[in-house]
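Subject: Structure handover

Hello,

Here is the structure you asked for. Please open it alongside these notes.

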Amino acid sequence: MYNTVKRKSFFSTSFIVSSKAKRGVGMKRFFLKLAVVLVFVLFFTSIAFAASSKAVLSSRSEKDFRSKQLRRMSVILSNLSELGFMNFDMRSVTKDVIPIELIQFGIWHNYFNNPKRYVSKCKIKNCKWGSYRIRGKYVTRSIKKYFGVNYSRLASASKSVPPYHFDGKFYHFNNVHREAVYFTRVNRAYKSRTGRIIALGEVYNADNRYRLGSFESVLKPQRFGGKRTWAVISMKTEYYK
Ligand SMILES: [Zn+2]
C-alpha cells in the first residue's frame, strides 16, 4: 500500500513534474514566440513612428520655410527690385575692377530707405558731382548685407549713369527721379545640393499690384550683424507679355 502509494505518488509526482516541465517548455516557447512577435511589432512600429515623425518634422520645417523664411527672402529681394535690380548676376557684376552696379545699389538703397540717417547735402558749393553725399562705409555695409561681398576699397564709378564720385570718404551723387516701385514675392524656395538656395517668385508693381514677371534667384546663407541671412548671387526675371 505504502509502496504503491509512494510509487503512485512517485509516479504522480514524476508525472506532475514531467507535465510541469512539458508545460514549462510550452510556456517557454509561447513566451519566446510572444517575445519575438513583440520585438517585431516594436521594431516595425518604431520604424513607422520614426518615418512618420520624420515626415511630420520635414513637413513642419517646410511650413516654417514657407511662412517665415520665404517672407524674409521676399524682403531681401524687394530691396533689389525696388531699385530696378531684377536681372543681374554677381559673376558678371564683380568681374569689373569697379563694381558699378554694387556701388549704385549701395548708394540708392540708403537714399531710398534711410535718407535722413545716411544721406546728407553736399557741403561743396555747386559740387559738380551732385548735391548729395553718403559715407562710403554705409555703401560698403549695404553691399555686404545684400550681396555678401566685402567691398572696402572704394572707388568712383565715373562710368555709371549718373556717375558717382568718391572723394576718399564720401560718395557724391545727384538725385534721380524715380518712378514705379517693384517688389518681389518668393513663392517657393529650396536648397540645392551645393547649399545654394533657389528662390522662385514674382515681381509686382507696388502701385497697382500688377504682376510684371516671374523670377528665379540664387541665394547663399551668410551671417550679417550676428544674424543668419542670405546674400543674393543672382536674380533673373522673365517679364510677362
Ligand atoms: Zn558733392
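First, the ground rules. This is a predicted model, in which local features need pLDDT of at least 70, side-chain atom pairs count only at pLDDT 80 or more, and totals for chains, interfaces and linings use all residues. Residues are numbered from 1 along each chain as its sequence is written.

Overall layout

The chain has five helices and nine strands. Helices here are DSSP runs of H or I with at least four residues, strands are runs of E with at least two, and both are numbered from the N terminus. Along the sequence the pattern reads α-β-α-α-α-β-β-α-β-β-β-β-β-β. Of the 241 residues, 21% count as buried. Buried means 20 or more other C-beta atoms within 10 Å of the residue's own, exposed means 12 or fewer, and partly exposed lies in between, with C-beta atoms placed from the backbone. Among contacts with a separation of 6 or more, 56% link residues 24 or more positions apart. A contact needs C-beta atoms, placed from the backbone, within 7 Å.

The five-stranded sheet

This sheet is open, antiparallel and ordered β1-β9-β8-β7-β6. Strands count as paired if DSSP finds at least two bridges between them. β1 (88-89) and β6 stand at the edges with a single partner strand each, so one side of each has no neighbour in the sheet. β8 and β9 run antiparallel and are joined by 12 bridges. Axes are lines fitted to C-alpha atoms, for helices over the stretch in contact, and angles run from 0 to 180 degrees between N-to-C directions.

The four-stranded sheet

The order here is β2-β3-β5-β4, again open with antiparallel pairing. β2 (119-121) and β4 (165-166) are the edge strands, each with a single partner, so one side of each is left without a neighbour in the sheet. Three bridges join β2 to β3, including the one from Val-119 to Ile-134 in β3. Four bridges join β3 to β5, and Tyr-132 has Phe-173 in β5 as its bridge partner. Two bridges join β4 to β5, with Phe-166 partnered by Tyr-171 in β5. α5 lies across β3 (132-135), β4 and β5, at about 65° to β3.

The core

Which residues touch the most other members of the largest nonpolar core? They are Ile-107, Val-139, Val-232 and Met-235, out of 36 residues. Elements supplying at least two residues each include α1 (2-81), α3 (100-113), α5 (136-147) and β9 (227-239). Domain 1 (65-82 + 181-239) and domain 2 (91-173) each give the core at least three residues. Those bounds come from an automatic or database domain assignment. A nonpolar core is a set of buried Ala, Val, Leu, Ile, Met, Phe, Trp, Tyr and Cys residues joined through C-beta atoms within 7 Å.

Two of these residues deserve a look. Leaving aside neighbours within four places in sequence, Ile-107 contacts Ile-134, Val-139, Tyr-164, Tyr-171 and Phe-173. Met-235 is found in β9. Met-235 is buried, with 22 other C-beta atoms within 10 Å. Beyond four places in sequence, its contacts include Leu-77, Leu-80, Phe-85 and Phe-215. The C-alpha atoms of Met-235 and Met-90 are 9.1 Å apart, although 145 residues separate the two along the chain.

Best wishes

Note on methods:
Contact = placed C-beta atoms within 7 Å.
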